[in-house]
Amino acid sequence: MNIDELLDNMDEVLEDAFNLPFTGGKRMVDVERVRELIDDIRLNMPGEIRQAKAIAQDRNNIIEKAKKEADLIVKRAEDRARAMVSQEAIVKAAQQKATEMLTSAQNRSREMRNTVTAYCENMLQHTEEQLDKSLSEVKTVRSTLRQNGKKATVRPTHTTQKPE
C-alpha cells in the first residue's frame, strides 16, 4: 500500500472508533491498529523517497542522452565538413552548414535540457508536496492519538454486569 492508502485506513479507524460519552466528541481508538498503520507509513516513506531519487536519476539519464545526441550531431557535422574540403566554395558552404548544424544541435540540446529540467522540477515539487502533506497528516494523527491516549486513561467508576 502507498502512504495515501495507509492514511485512508487510519482515517477509517478513527471514523469507526467509539464515541466516549461526555467527552465532547472524543473517541476511543484501537491503539495497536493505529500504531501498525503508522509503522506501515514509516516503511513506505522510503519508497516515496526512492521514487523522487528515481525521477532525479531519470532526469540525469535524459540529459546525458541529449548530450550524447548533440555530440553525435556535432561529430556528423564535422565529418561532413571534412569530406567537403575539396574546393574553396564547397569548403565555405560546408563550414556554414556545419555551423548551422552545430547551432541547431546546441539549441535542441538546450531545449531538451530545459524541458527535462522543468519536468523533473515539477515532479520533485509534486513529490515534495505529497510528502509534506503526508507528514502533516501523520503529525495530526499522532497529536490526536496522544490527546486521546491521555483522555482514555480516565475510566468510568461503575460497570454494568450482564445477566448470565
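Predicted model: local features only at pLDDT ≥ 70, side-chain atom pairs only at ≥ 80, totals over all residues.

Colleague: Let us begin with α1. How many residues does α1 have, and how far does it reach?

Modeller: Helix α1 covers residues 3-16, which is 14 residues. From its first C-alpha to its last it reaches 20 Å, close to the 20 Å expected at 1.5 Å a residue.

Colleague: Which residues of α1 are buried?

Modeller: The buried residues of α1 are Ile-3, Leu-6, Leu-7, Asn-9, Met-10, Val-13 and Leu-14. They lie on the same side of α1, because they cover an arc of only 155° around the axis.

Colleague: And which exposed residues does the face turned away from that buried side carry?

Modeller: That face of α1 carries Glu-15 and Asp-16, both exposed.

Colleague: Changing topic, how many salt bridges does the structure hold?

Modeller: The structure holds four salt bridges. I can describe some of them in turn.

Colleague: Please start with Glu-36. What is its partner?

Modeller: Glu-36 pairs with Arg-33, and the closest N and O atoms are 3.5 Å apart. The two residues sit three residues apart in helix α2 (residues 31-83), so about one helical turn separates them.

Colleague: How accessible are Glu-36 and Arg-33?

Modeller: Glu-36 has a relative accessible area of 42% and is partly exposed. Arg-33 is partly exposed as well, at 29%.

Colleague: What about Lys-75 and Asp-79: how far apart are N and O in their salt bridge?

Modeller: For Lys-75 and Asp-79 the N to O distance is 3.1 Å. They are four residues apart in helix α2, which means that about one helical turn lies between them. Lys-75 is partly exposed, with a relative accessible area of 46%, and Asp-79 is partly exposed at 34%.

Colleague: Which residue does Glu-69 meet in a salt bridge?

Modeller: The side chain of Glu-69 meets that of Arg-108, at 3.1 Å from N to O. This pair links distant parts of the chain, since Glu-69 belongs to helix α2 and Arg-108 to helix α3 (residues 88-152), 39 residues apart.

Colleague: Where do Glu-69 and Arg-108 stand in accessibility?

Modeller: Glu-69 is partly exposed, with a relative accessible area of 25%. Arg-108 also counts as partly exposed, at 43% relative accessibility.

How values were computed:
Residues numbered from 1 in each chain as written. Heavy atoms only, no water. Expected span 1.5 Å × (residues − 1). Buried < 20%, exposed > 50% of the residue type's maximum accessible area, 1.4 Å probe, protein only. Arc of directions from axis to C-beta.
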